[in-house]
Amino acid sequence: SVASLPAATGLSWHETPAQLTATCTTAIADTKQAVEKILAVPGAANDFKTSILPLESVFADLNDRTSTQTTLYQLSPDKAVRDASTDCNQKVSNYLVETNADPRIYAAAEKVTANGTATSVADRKLVEDYLINGRRSGAGLSDAKRAQTTKLFQHLNDLERDFGLALSNDNTTIAVSNAEAASLPASFLATLKKTSTGYTLSVDESTYDQIMTNEKSGAARKRYYIAYTTRG
């Protein structure tokens with residue numbers, strides 16, 4: 001028999017805005033507490049099993065606990081849910097930027113690298129990722145420069161999220177004449193709005209392959225491609 005995904009995945013896709021905000025806030029607070037508890041243990045940073053490994057588990061748990069809360073802003077038909085999800089996404093991404101830049105975590109990755117307590121290939125690669133993320137996020141900089149870097153990365157995340165929202169809300173269309181539509185599959189044309197001269201075509205991921213693969217008119221493909229790449 002073919003294995004199937006069990007019904008109880010642990011993911012909730014139907015939280016109210018208030019529930020979503022509450023579970024998101026609790027998940028971040030629990031993660032912060034768990035991270036501080038790990039970093040507060042004397043000598044913990046000297047060993048992979050007491051530093052990077054438990055930290056990775058904590059961050060993985062945060063990802064699992066907020067996976068739906070941070071993505072519903074792109075999926076939910078309810079604006080209030082989308083707004084709550086957008087707020088959660090921002091809070092989680094801001095927190096992760098801060099942890100990537102945490103000099104204590106970066107120092108632990110340096111110590112573990114130096115003393116070789118990460119013995120397997122996978123464990124060493126994980127530590128390497130922490131080092132790379134730390135350097136890129138400014139964990140080795142002065143307090144002032146690290147704060148500036150953190151602010152910039154958080155702003156970058158905000159811009160990326162806003163662009164994603166703009167794409168999700170984009171309603172760009174182009175007109176396709178009957179002659180241009182002749183090369184398109186009949187099943188696809190049946191989903192489009194008919195006009196007196198042809199069809200109105202939504203420009204998004206759901207139509208991209210159909211047009212770029214089947215449309216024989218170079219002018220129509222160009223018109224579609226320009227509209228597609230300038231959305232948002």
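Author: Helix α2 (residues 52-66) and helix α5 (residues 103-115) have axes that come within 10 Å and cross at roughly 135 degrees. Axes are lines fitted to C-alpha atoms over the stretch in contact, with angles from 0 to 180 degrees between N-to-C directions; helices are DSSP runs (H or I, at least four residues), numbered from the N terminus. The model is predicted: local features need pLDDT of at least 70, side-chain atom pairs pLDDT 80 or more, while totals for chains, interfaces and linings use all residues. Residues are numbered from 1 along each chain as its sequence is written, and side-chain values use heavy atoms, without hydrogens and water.

From α2, I52, L55 and F59 meet I105, A108, A109 and V112 of α5 (contact: heavy atoms within 4.5 Å). This contact has seven nonpolar, no polar and no charged residues.

F59 also belongs to the lining of the largest pocket, where F59, L62, L96, T99 and N100 lie nearest the centre among 20 lining residues. At least two lining residues come from each of α2, α4 (79-100), α5 and α6 (121-137), and α4 gives the most, with six.

T99 lies in α4 and touches F59 and I105, residues up to four places away in sequence not being counted. T99 counts as buried because its relative accessibility is 9% (buried: under 20%; exposed: over 50%; partly exposed: in between; 1.4 Å probe, protein chains only).

Note on methods
Nonpolar A, V, L, I, M, F, W, Y, C, P; charged D, E, K, R; others polar. 1 Å grid on protein atoms, 1.4 Å probe; cavity = no way out; pocket = protein on both sides within 12 Å on 5 of 7 lines; lining within 4 Å.
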